[in-house]
Amino acid sequence: MMNWRNDGIAKVTGQAKYADDIKLFDMLHCVPVYSDQIHAEILEIDTSSAEKSQGIVRVITAKDIPGVKKFGQIRKDYSLIAEDKIRYEGDVIALIVADTLENALEAIPKVKAKYNKLKPVLSPNEACKNEVLIHDIYESNLINHHKVRKGNIDKGFAECDLVVEDYYETNFVEHGYLEPESAVCQVRDDGVIEVYGSMQHPFSTRRFTAALLGKKLSEIEVITIPMGGGFGGKDDTAAIVCARTALASWLCKKPVKMTYTREWSIKESYKRHPYQMKYKVGLKAGKIHALECDIVADGGAYTSVSPWVTWRSTVQCGGPYIIPNVHTDVKTYYTNNVYTGAFRGFGSPQVNFAIEQIVEVIADKLGIDAITFRKNNMLRQNSITVSQQKLDNHIVSLDQVLDKLIKESAYYRKLKKCSFGKGDDSKLYGIGLAISYRGCSLGAEGKDFTSAIINVQFDGSILLEVSVHENGQGAETAMINILAKELGVPTSKIRYRRSSTSQIPDGGSTVASRGTLMGGGAVMDAISKLKSLINKVIAPEINCQPSEITYKKNQLISPEGKSVSWEEAMGIMFKNCTYPYAFGSFEAPPVTWDEECGAGKAYFTYVYSAQAAEVEVDIKTKKVKVLDIFAVHDIGKIINKGLLSGQVYGGVVQGLGMALKENLQINDGHIITDNFHNYRIYRANELPRIHDFIIENPDPNTPSGAKGIGEPALELISPAIANAIYRATGKRMKRLPMLAEDICTQ
Amino acid sequence: MHTIINGKEIKLKKNDLEKQLLVFIREDLNLTGTKNGCNKGVCGACTVLINNEPKRSCQLKVKDIINMEVLTIEGMAKDDELHPLQKSFLDHDAVQCGFCTPGMILTAHALLLKNQNPSEAEVRNAIKVNLCRCTGYQQIVDSILAAAKFYR
């Protein structure tokens with residue numbers, strides 16, 4: 001069946017068990033206790049009254065931590081339970097463990113603490129002065145500073161005949177996964193601590209848990225269960241919730257569950273980085289000749305993966321254009337705001353919002369059509385990127401995706417209808433588009449390799465396991481699809497074995513649109529090893545050479561047409577005492593990066609995208625209605641069309657939310673929009689149909705030919721919308737989200 | 001005092017009446033297909049049908065279902081046979097993380113019981129009470145439109 005997913009039946013019948021659906025015998029309940037502070041020294045935490053509360057088993061504070069008190073994926077600056085200082089409102093000062101959830105909740109206000117208030121730092125602009133340090137162990141509030149230095153920037157601008165300067169900014173964005181963080185942990189009779197959690201990185205969760213408990217990695221087993229959405233947001237915070245639950249279970253020697261309320265989730269979990277972006281672009285004879293970017297990101301109270309997120313902004317700061325002279329600085333600062341980290345898009349939606357408007361501003365000034373301007377400047381085969389990478393190892397298809405978009409959206413015809421602020425009607429109309437290139441997988445962020453295990457049983461049924469995580473996107477199904485195709489067996493023969501961190505080697509996080517690409521690579525490697533085992537045994541049975549066997553329609557076939565069925569073949573394997581078992585791995589092709597000049601082979605391949613949006617703006621209310629969306633992506637090769645489209649639609653709508661609707665409000669470090677009634681995400685009746693088109697140029701660098709789609713789908717809709725609003729109203733929107741009141745006041 | 005849940009009559013105890021219906025369904029009846037997404041009546045993950053009307057169980061108490069018929073997601077499939085609406089969700093790839101799916105299916109079921117030939121706008125309007133963060137709703141809308149014929 002085409003439209004099949006391995007977890008589908010469980011999910012439509014309500015049988016799928018998410019973390020909060022798990023009940024263990026004699027299970028206790030744990031809740032976090034927050035302070036009411038933003039920035040303060042902790043003088044005293046008094047738990048005595050809470051401990052006397054009904055049903056309380058234990059109140060845990062930082063002094064109870066047997067392992068390390070601070071941890072993190074890059075800088076180890078996050079206090080899993082705050083000990084000395086409060087750095088943002090989401091810091092947890094204690095955990096309460098009780099017999100029932102009600103009793104645990106009741107004891108929260110009974111935890112008393114005394115603080116010495118410190119001056120809060122509420123923006124990167126204050127943070128950069130370093131008058132108040134958020135983390136005393138560091139000399140400055142600067143988390144990271146990435147650079148791009150290409151050509152000669154002064155000479156470059158001196159040679160320009162037109163210079164355009166512009167300023168753009170974006171807001172915090174909440175991931176808004178429907179399932180709040182949750183974890184269930186127990187100490188097993190073999191001493192292993194078992195973790196069931198809503199998280200998208202089991203191996204990182206294991207590292208956080210082992211660190212907090214002072215245990216070895218082998219003593220923690222993180223088990224994959226269904227997860228209610230992640231989008232990058234269930235990396236750090238989710239791992240931290242799991243680690244704290246494991247701590248409670250370890251200290252109380254009983255199973256413990258901790259499930260977050262939506263309010264706790266929004267308060268504590270990291271967000272997308274707000275960016276302030278100063279752009280200066282120089283033109284010489286119609287070509288982009290020089291680019292200067294000064295980008296500042298709000299990192300909030302902790303580092304999380306800010307250095308990785310903001311690094312992507314260097315490679316993509318100039319959009320998909322050829323620019324000989326570049327000087328870019330991307331800086332992230334600590335503040336006392338909610339911390340910021342991984343979020344689908346990962347440092348590219350912000351810079352795309354800026355550059356894809358700026359190219360249109362320039363085209364207007366030059367008096368040429370924005371598509372022509374893009375085509376005159378964009379990356380093509382063998383072009384050099386802003387970070388000095390020659391694009392010569394895959395097909396650079398920007399032309400192809402842009403042409404497809406123009407045709408499918410009837411762009412030029414609709415361009416003539418645009419209102420530019422004038423209309424007889426009560427509505428203004430506009431169409432806009434944007435293009436992007438996006439580096440696949442982690443790139444020079446980190447080590448990039450992953451693993452797969454195929455374990456065929458002697459009855460022909462197959463267990464497949466891959467160290468990528470099912471975030472809801474259908475990663476498991478895509479892996480099954482690849483295996484089924486290569487072995488010529490129906491998907492019904494393959495059971496995906498949900499992995500645990502004790503079963504399969506660490507394959508990294510399922511982030512960076514790397515699931516299908518990297519996991520698929522590992523599966524392909526395992527298939528090749530498995531086939532060589534099987535071919536050696538089966539070849540004599542069907543009178544051919546091992547290399548001549550083909551796998552089709554549940555048969556292993558010789559060139560002469562002699563065959564055995566898959567099941568017969570596995571029976572023969574049994575008689576030969578040969579295990580049809582293979583371990584595969586895939587390491588991303590090498591990448592390089594020079595941190596000082598921001599140059600190198602940043603990513604081993606790129607996805608090319610173009611999206612267009614049509615909008616209608618109400619003249620009176622200035623409310624923006626999205627009429628139509630067109631999305632074109634070159635993702636290498638389609639593995640599963642239905643799942644692929646699902647990524648496009650979901651990514652576009654999340655991007656629309658960031659563009660037009662989602663307005664996280666922080667007042668003096670306190671998040672005001674604490675649930676879905678005031679943090680509004682798109683509902684079905686507010687959206688148009690999305691038309692998606694896929695271009696396939698199989699990627700020679702990946703074994704399956706596939707690249708990725710999760711993030712490309714999200715990263716460029718906000719500038720497309722901004723360009724459409726401009727053509728409707730004549731007003732440039734330079735801040736995200738683009739709200740009706742901002743259109744009015746401009 | 002009784003209620004009918006997924007076709008089965010259940011006796012209600014007096015001291016359960018003030019309980020939140022969502023907690024009663026999940027914790028007492030162990031029907032964990034009904035999800036808690038916001039606990040504020042905004043996201044729709046806790047949707048159940050009460051006399052075929054979609055209701056947010058986080059906003060109700062057990063006393064609200066006395067002598068009513070309640071349908072949760074666990075009651076949709078009969079004898080291990082998926083309901084055509086459930087099948088349609090799978091056929092159209094309308095499921096990703098699956099957390100909104102139970103509530104979404106129940107809201108759609110209530111719509112199709114009333115209106116066997118809904119327009120796309122009517123479908124979108126009916127399911128606006130259920131948030132989904134993964135799918136952008138398009139494949140959900142398609143699966144509901146395609147399932148309508150099974151209700152005619």
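Q: What makes a stretch of chain a domain here?
A: Domain bounds come from an automatic or database domain assignment. The model itself is predicted. For chain A the assignment gives domain 1 (8-118 + 175-268), domain 2 (275-443 + 594-745) and domain 3 (449-587). Between the centres of domain 2 of chain A and domain 3 of chain A, taken over C-alpha atoms, there are 38 Å.

Q: How do you know that domain 2 of chain A and domain 3 of chain A are in contact?
A: Two residues are in contact if their C-beta atoms lie within 7 Å. In chain A, 19 residues of domain 2 are in contact with 18 residues of domain 3. The side of domain 2 of chain A that touches domain 3 of chain A has 10 nonpolar, seven polar and two charged residues.

Q: Why is A:Glu174 called buried?
A: A residue is buried if 20 or more other C-beta atoms lie within 10 Å of its own. A:Glu174 has 25 C-beta neighbours inside 10 Å, so A:Glu174 counts as buried. The place of A:Glu174 is in the loop between strand E10 (162-169) and strand E11 (182-187) of chain A.

Q: Which residues does A:Glu174 touch, not counting residues up to four places away in sequence?
A: They are A:Ile266, A:Lys271, A:Glu662, A:Leu664 and A:Tyr679. One of them, A:Glu662, is 488 residues from A:Glu174 in sequence, yet the two are 8.0 Å apart in space, C-alpha to C-alpha.

Q: What makes the span of helix H15 of chain A agree with its number of residues?
A: The expected span of a helix is 1.5 Å times one less than its number of residues. Helix H15 (residues 515-538) of chain A has 24 residues and should therefore span 34 Å. Its end C-alpha atoms are 33 Å apart, which agrees.

Q: Is H15(A) enclosed by the rest of the structure or exposed, and what is the count behind the reply?
A: H15(A) is largely enclosed by the rest of the structure, because 17 of its 24 residues are buried.

Q: What makes a set of residues a nonpolar core, and which residues have the most contacts inside the largest one?
A: The residues must be buried, belong to the listed nonpolar types and be joined through C-beta atoms within 7 Å. The largest such core has 276 residues. Those with the most contacts inside it are A:Ile96, A:Val97, A:Ile454, A:Ile721 and A:Ile725.

Q: How do you know that the radius of gyration of chain A agrees with that of a compact globule?
A: The globule rule is 2.2 Å times the number of residues to the power 0.38. With 746 residues the rule gives a value near 27 Å, and chain A has 27 Å, so the two agree. The C-alpha atoms of chain A fill a box of roughly 80 × 75 × 50 Å, taken along the principal axes. Of the 746 residues, 58% count as buried. Chain A has 19 helices and 30 strands.

Q: What does the globule rule give for chain B?
A: With 152 residues, a compact globule would have a radius of gyration near 15 Å; chain B has 15 Å, which agrees. The box filled by the C-alpha atoms of chain B is roughly 45 × 30 × 25 Å along the principal axes. In chain B, 57% of the 152 residues count as buried.

Q: In what order do the elements of chain B run?
A: Chain B has five helices and five strands. From the N terminus on, they run β-β-α-β-β-β-α-α-α-α.

Q: How do you know that the two domains of chain B touch?
A: Chain B is divided into domain 1 (2-75) and domain 2 (84-151). In chain B, 16 residues of domain 1 are in contact with 13 residues of domain 2. On the domain 1 side, strand E3 (47-50) and strand E4 (53-56) of chain B each supply at least two residues. The largest share of that side, three residues, comes from E3(B).

Q: What makes up the contact between chain A and chain B?
A: The contact takes 43 residues from chain B and 43 residues from chain A. H2(B) gives the most to the chain B side, with four residues. By class, that side divides into 21 nonpolar, 15 polar and seven charged residues.

How values were computed. Residues are numbered from 1 along each chain as its sequence is written. Chains are lettered from A and ligands numbered from 1 in the order in which they are written. This is a predicted model: local features need pLDDT of at least 70, side-chain atom pairs count only at pLDDT 80 or more; totals for chains, interfaces and linings use all residues. Ala, Val, Leu, Ile, Met, Phe, Trp, Tyr, Cys and Pro count as nonpolar, Asp, Glu, Lys and Arg as charged, and the others, Gly among them, as polar. A residue is buried if 20 or more other C-beta atoms lie within 10 Å of its own, exposed if 12 or fewer, and partly exposed in between; C-beta atoms are placed from the backbone.
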